[in-house]
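Visitor: I would like to learn how to read cavities and interfaces. Please take me through the model below.

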Amino acid sequence: MGMLSKKVTCNSHGQDSSYFLGWQEYEKNPYHVSLNPSGIIQMGLAENQLSFDLLESWIAENPDAAGFKRDGQSIFRELALFQDYHGLPAFKEALADFMSEIRGNRVSFDPKNLVLTAGATSANEALMFCLAEAGDAILIPTPYYPGFDRDLKWRTGAEIVPIPCTSSNGFKITASALEEAYTTAHRQNLRVKAVLVTNPSNPLGTTMSEDELNLLVTFVISKGIHLVSDEIYSGTVFSSPSFKSIVEVLSDRPDCRPSVSDVWDRVHIVYSLSKDLGVPGFRVGAIYSSNRTVVEAATKMSSFGLVSSQTQYFLSAMLSDKKFTGRYIAENRLRLRRRHESLVAGLREAGIGCLDSNAGLFCWVDMRHLLNKYTFEAEIELWKKIVYKVGLNISPGSSCHCTEPGWFRVCYANMTEETLGLSIRRIKEFVTASASAATAPTYCSGSGYERRSHRQHSKGSSGKNKFLNKWVFRLSPLHRHEADDR
Amino acid sequence: MRLIVPLQGVVQGRGGLLMGSLIPCTLFYFLQLYLKRHRSPKPPSAPLSPYPSPSPNLSELPRSASRSNLSSRGSISPARISNRASSIARPNSSLYYVGLDRSLEDPYDRLDNPEGIIQLGLSENTLCLDLIDEWMSENLNSSLSEGDGDEFGLARLATYQPFDGLMELKVAMAGFMSQIVGDRVSFDPSQMVITSGATPAVEMLCFCLADQGNAFLVPTPYYPGFDRDMIWRTGVELIPVHCRSTDNFTPSITALDQAFNQAKKRGIRVRGILICNPSNPVGNILLRETLYSLLDFAREKNIHIISDEIYAGSIHGNEEFVSMAEILGEEDTDKERVHIVYGLSKDLSVSGFRVGCIYSFNENILAASKRLARFCSVSSLTQRLLVSLLSDSRFITRYLETNRRRIREVYDMFVGGLRQLGVKWAEGSAGFYCWVDMSGLIRSYSEKGELELFDKLLNVAKINMTPGSACHCIEPGWFRCCFATLTPEDIPIVMERIRRIADR
C-alpha cells in the first residue's frame, strides 16, 4: 500500500539478522530431554525458572489471592472496574517494600513515587518519552541489552551513544569513557539528556562498584543530565560484593543533599518483577522517581500499558507476605549461586573463562581464544558453529554492542540442572574437537555444519509436535521469542 | 477589527489609501503581538482555564517547579525533561476530566453521602457484574490450575509469553467477536494483536499509520479520550468533522470531503478516518450504506479507516450492528485500509483487566503491531482467565442476552424520566449512555451557555454529565449521560435534581 508511517517502514527497531537466526533455529529444533535430546538448548533467554516451586506452594496455601477474594469475600466487582492509572495502593506499597527488602532495607521507597507499567520494557520506553526527543541522546555503557536499541529509540526518536567499556578493567565504566561518549554525541549534533545503566548489568552479570556509581553521580551533576538506573536484576545478586543501589549512593553524598543540588530530580529507577520474582508473563514493571513532573507524565502515559488489576491484587497479597518474600529472596539467591558455580566450573574444565560475576541469570563468557581471527566476523562464525554444531543458542557479544569480539552471554537459569550439565558436556566436546581440528584444515568448511543441522532438524520436528500436543494448556507453537527477550 | 475602522477613518484624510491600509495593519500586527505575549502561559504553571464560571479542580502545581530552578553546581543549566512530558503532566483542562475529578471529591452514596455528586460521566456498566462474579466463584479454581490438578499450571504461565497475546486468547476473542455479530463474520485469530486495553491499540495504529504532523479525520461528537490517546506521544492531529442533529449525528461524506480538502490546503496530510461504531457519545449505529460510503471515500483519498467497535456487544435497541469486517468482501483490495479496534472493557465490563485488540487485514500493520505489542502486553494470568471465560459459550450467550436486556430496562427508565421533564434525546441503540439535548435549559444558545449549565449541573444539581463541547459537538446544549451504573432508585433522584435547576 505504501501508506504506512516512517516509523514502521524504517528499521530503527532493527534486529541483527544473523542473531535472529539463532532463535529461528531454536524454534525449529528445540531441545527436549526425551523427545528431542539432540535439539538446540536455549541459552539466550534470561529467564529465572529456578524458584517456581516456591511460588506454587505459596499459591496453594493462599487460594484467595488468585480467586478474587479478600478475607473470603469476593472483590471481583472492585477489581473488574479498577483502571486507575495511579495503581492499586496496596500493590504499590507492597512493591515499594519488596524493593526495600531486596536492598537490605537500607533505603525505603515511597509508593507515591512509583509508576506501574506493563513490564520494564514499557517502563523504559515511557521514561524515555519523558526525558528525550528526536535530537537527544542517551549514553549507555557497552555491552548492553540489545532490546534497548528498540525500546528506547523506536517511537521516542531518541538516539543511543555507547560508552565504550573494555575487558582491560572488567568492563567497568571510566571517567574518560564517559567524556568520550559525551563528546561523540556532541559531534553528532545530539543533546545528551541522560546516562542509562543497568545495575546489576545485563549482559555482564556484575554489580556496579561504589566507585563507578560515584563516578556516574559526579558526571551527571557536572553535566546537569539525568541518570536512569535499570535495577531489574537487583534481586539476583547471589554473592559479594553486595548490591548498592544508586539511591544509596545519593543518600551518602553530601553534595547531593536537596538543599544544595537538584540531582534527586534527575535520578530515576526502573524496576520489574520479571527477573527477581520470575514472573515475566505477568507484565509488571515500574518507574521510580522523585521528580513530580516525571511521575505525573509517566503515570498518565501508563494508560498505554496498565497492569491488570487482577495481577496487581494477586501480587500485592504475595508481596505483603513478608515471611514468604524473605524466604524467597534468600532461597532464590542460593539457587542462582549454585547454578552459576556449576556453569563456571564446567566452562573452566573446558578451558573457557568467564567474567567474574555475582548477579544476573547469565555468565559473560570469554571465547576469544576460540576465534580463528580477532574480528567480529570470526565471532559470528564461531557463534554459528555453536548454534548449529554444538546445539546451544547463546548470545554473541556483537549483538550487545561489545567493543571486543569473542564474548558471549550464556544464560543458565531457564533450564534444569541436567540440561545445564548436558550443555556443558557439549561445550567440552566442541572445544576438544576444535583443538584437534585445528590441525586438520578441511574440517572448517561451512557445509559440514549445515548438513548436520538438517539431520537434526528432520529428527526434531515430529518430536516437537508430539511434545507440544501433550500439554493441556500449552504455549502457542507459533510463538516466537523475539531475539532480544531479556 | 473594531480598531482598524476608526484608524482608517482618521488616516483617510491625509495619506490616502496606502496610509489608510498600511498603518492600521501595522498597528493591528503589533496589537496581536502584545496580546500574545501577555496571554501565553509558562509551563509548568496552572493551565489557563477558558471557563471561568465552573470551578475546575486544578491540581496542585508540580512541586518540582521550584526544584528545577535551583542552580546546580555546574555552570550548565540542568537538562530539562522533554516538552512532551511537560505538557502531558499538566492537569487536563477538558471538562470531561474536570467533571470526573470533581465527582471523585464528593461521590454520591445513597446512605453515606446522599447529597453527593451523582456520576453520569463515566461510561461503565455494572448491570451484569453479578453474572461474571458468579461464574468466577464456580469456575475460577479449575481455570487457573488447568482443570486436571496440574499444580505447575500457574507457574508455567509466569514465563515469557508472546507479546501479542496467547493464541488461545486470540481464538477465544475471535470467537467472542464473531458471536457478537451473530456469526455473520468469522474473525480470524491470526489477524489479531492483543493489547492492554483499547487505549494502546488506538495509539499503536496512529504510530503505524501516520507520521508526526499528519492528521486523522474524526466525526464529532467524539470520545474526549481520543484527544489524549491519539495525540500525546504520536504528534498527530485530529481534525473534527462536524455532524448534525438533523441527521442524527451520522458522518456525511460531504463534510469529510470538505475537511479533507481544507487540511490539504493547510499542507496537512490526512492518513485516515477514525470512526466509533456504535458511536460514543451518541449511541447510534452506522448503517451499512454509510459504511460502504466511508470505504469508497477512503479508497478515493487513499487513506485508512480505524473502526473502534468496543460497544459492539452492548446494543440495547432493535437495530442490527454491522461491523466494518462484514462489509469487506473476500477479494476486496480495500481490506488493507480497514483496522478494527476492540476490547473487553465495555462489553464484558472488565476494564480493570486491560484486554483489547487490533484486528487488521493488513499484513504490514499486523507485523508492526506485533512488535509494538511488547510495550502493552496483557498479563498472562488475566489472559488465561479470559480464555476460560470466553470459551464458555453457553455462559457468554446468556451473558450477552441478559446484558442487552438489562441495559434496555435502565435506558427505558432513564429516557422515560427525560420525557417527563420535557427533555429530548438523540435516537440511540447502543452503549451505556444517552445523548441528551439540554438546550432548552440553557440561557444563551452558545458554548458559554452550555458551560454555565455544566457548572450548574455539577455544582448545584450535583450531577456530572459530559458536555458536548468536551466531545467537540458543534451544536451547544448536548450532554452525554451514562446510566448503566444507576439503580432504578437512582433515576428519579437524577430527574428530580435536573428539575430543580430547570425551575430556577
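Visitor: By class, how many nonpolar, polar and charged residues does the lining of the largest cavity have?

Guide: First, the ground rules. This is a predicted model, where local features need pLDDT of at least 70, side-chain atom pairs count only at pLDDT 80 or more, and totals for chains, interfaces and linings use all residues. Residues are numbered from 1 along each chain as its sequence is written, chains are lettered from A in the order in which they are written, and side-chain values use heavy atoms, leaving out hydrogens and water.

Guide: Now the general idea. Rolling a probe the size of a water molecule over the atoms shows where empty space is left. A cavity is a set of points, on a 1 Å grid over the protein atoms alone, where a 1.4 Å probe fits but cannot get out; lining residues have an atom within 4 Å of a point. Here the lining of the largest cavity has eleven nonpolar, seven polar and two charged residues. Ala, Val, Leu, Ile, Met, Phe, Trp, Tyr, Cys and Pro count as nonpolar, Asp, Glu, Lys and Arg as charged, and the others, Gly among them, as polar.

Visitor: What volume does the largest cavity have, and which residues lie nearest its centre?

Guide: About 190 Å³. A volume is the space filled by probe spheres set on the points, which are joined across faces, edges and corners. Pro141(A), Phe171(A), Thr198(A), Ser201(A) and Leu204(A) lie nearest the centre, among 20 lining residues. Strand 7 of chain A gives the largest share of that lining, three residues. Strands here are DSSP runs of E, at least two residues, numbered from the N terminus.

Visitor: What is the volume of the second largest cavity?

Guide: About 160 Å³. Its lining has 16 residues, with Pro219(B), Pro221(B), Ile275(B), Cys276(B) and Ser279(B) closest to the centre. By class, that lining has twelve nonpolar, four polar and no charged residues.

Visitor: How many residues of chain B are in contact with chain A?

Guide: Contact means heavy atoms within 4.5 Å. By that rule, 93 residues of chain B touch 93 residues of chain A. The buried area is about 8600 Å², with 60% from carbon and sulfur atoms. Buried area is the accessible area (1.4 Å probe) that two parts lose on being put together, summed over both.

Visitor: How many salt bridges does the rule find across the interface of chain B and chain A?

Guide: Two. A salt bridge puts a side-chain nitrogen of Lys or Arg within 4 Å of a carboxyl oxygen of Asp or Glu. Lys6(A) forms one with Asp211(B), the closest N and O atoms being 3.7 Å apart.

Methods: On a 1 Å grid over the protein atoms alone, a cavity is a set of points where a 1.4 Å probe fits but cannot get out, and a pocket is an open set with protein on both sides within 12 Å along at least five of seven lines; lining residues have an atom within 4 Å of a point. Helices (H or I, at least four residues) and strands (E, at least two) are DSSP runs, numbered from the N terminus.
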